[in-house]
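Hi,

Here's the structure I promised to pass along.

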Amino acid sequence: MKLAFVGGTGPEGLGLAMRFARAGHEVAIGSRSAERGEEAAAKVREAVPGAAAAGGDNASVVRDADVVFLTFPYSGQAATLEALAGALAGKIVCNVVAPLEFRQGVGAVALDVPGGSALQEAIAQLPESRVVSAFQNLSAEELQHLDHPIEADVLVCGKDAEAKQVIIGLANQIAGVRGIDAGGPSQSRYVEMLTALLINLNRKHKTQTSIRIVGI
């Protein structure tokens, strides 16, 4: 498939792009700056020899994509989706956004957002897109260590059953990862909030944590 990463120059988007390029997908890295998008694509091609990876501005990379990943900070979500809503119509959109902030002496703090979750707000802004959420809890650092599997489950939330299955299938292509249907849009709030907990555990124990769901 053709996969686009809006705001994909950050470590999470870059790591996912590398993993999916290694799985044989065509990836496109987007940024507000076309030059930064191309610089990130060059990193993917360096990490994955022979990868089909291109870069450009956000609007250009989503144009021909089958699946679009939103991999930017929550603070930019509303403005970015307002600008791209037309281009994203009819596409599967995977929101990787986790609303959080860093506070001195506390660490990462999960934010309460007006719409309930970043996913629910994205759905409201993109009524013509097939929006789900996933991958918020995967370590960006681990994603870029391509020779190592990631022992983790990816929880996929949304109301579009077929779109969720597409994202679960992609998650399963990352070595060690299992995609799980975690329910409807309202469940995304709890998945998003777990990101702050994992970040704080990583800092406390100087490691890279992930989650596993037992019993499924």
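Below is what turned up on one helix pair and on the cavities. Bear in mind that this is a predicted model.

Helix pair first. Helix H4 (residues 77-88) packs with helix H5 (residues 118-125) at an angle of about 30 degrees, and their axes are 10 Å apart. Angles under 35 degrees count as roughly parallel, so H4 and H5 are roughly parallel to each other. Their crossing is right-handed. On the H4 side the contact is made by Gln77, Ala78, Leu81, Glu82 and Ala85, while H5 brings in Ala118, Glu121, Ala122 and Gln125. By type, that contact has 5 nonpolar, 2 polar and 2 charged residues.

How many cavities of 30 Å³ or more does the structure hold? The count is 2.

The largest cavity has a volume of about 60 Å³. Its lining consists of Pro99, Ala110, Leu111, Asp112, Val113, Gly116, Ser117, Arg189, Glu192 and Met193. Helix H8 (residues 188-205) supplies the largest share of that lining, 3 residues.

By type, the lining of the second largest cavity comes out as 6 nonpolar, 2 polar and 1 charged.

Cheers

Technical notes:
Residues numbered from 1 in each chain as written. Predicted model: local features only at pLDDT ≥ 70, side-chain atom pairs only at ≥ 80, totals over all residues. Heavy atoms only, no water. Axes fitted to C-alpha atoms, helices over the stretch in contact; angles between N-to-C directions. Helix = DSSP H or I, 4+ residues; strand = E, 2+ residues; numbered from the N terminus. Parallel < 35°, antiparallel > 145°, perpendicular 65-115°, else oblique. Left-handed = near helix turned anticlockwise from the far one by under 90°. Contact = heavy atoms within 4.5 Å. Nonpolar A, V, L, I, M, F, W, Y, C, P; charged D, E, K, R; others polar. 1 Å grid on protein atoms, 1.4 Å probe; cavity = no way out; pocket = protein on both sides within 12 Å on 5 of 7 lines; lining within 4 Å. Points joined across faces, edges and corners; volume = space filled by probe spheres on them.
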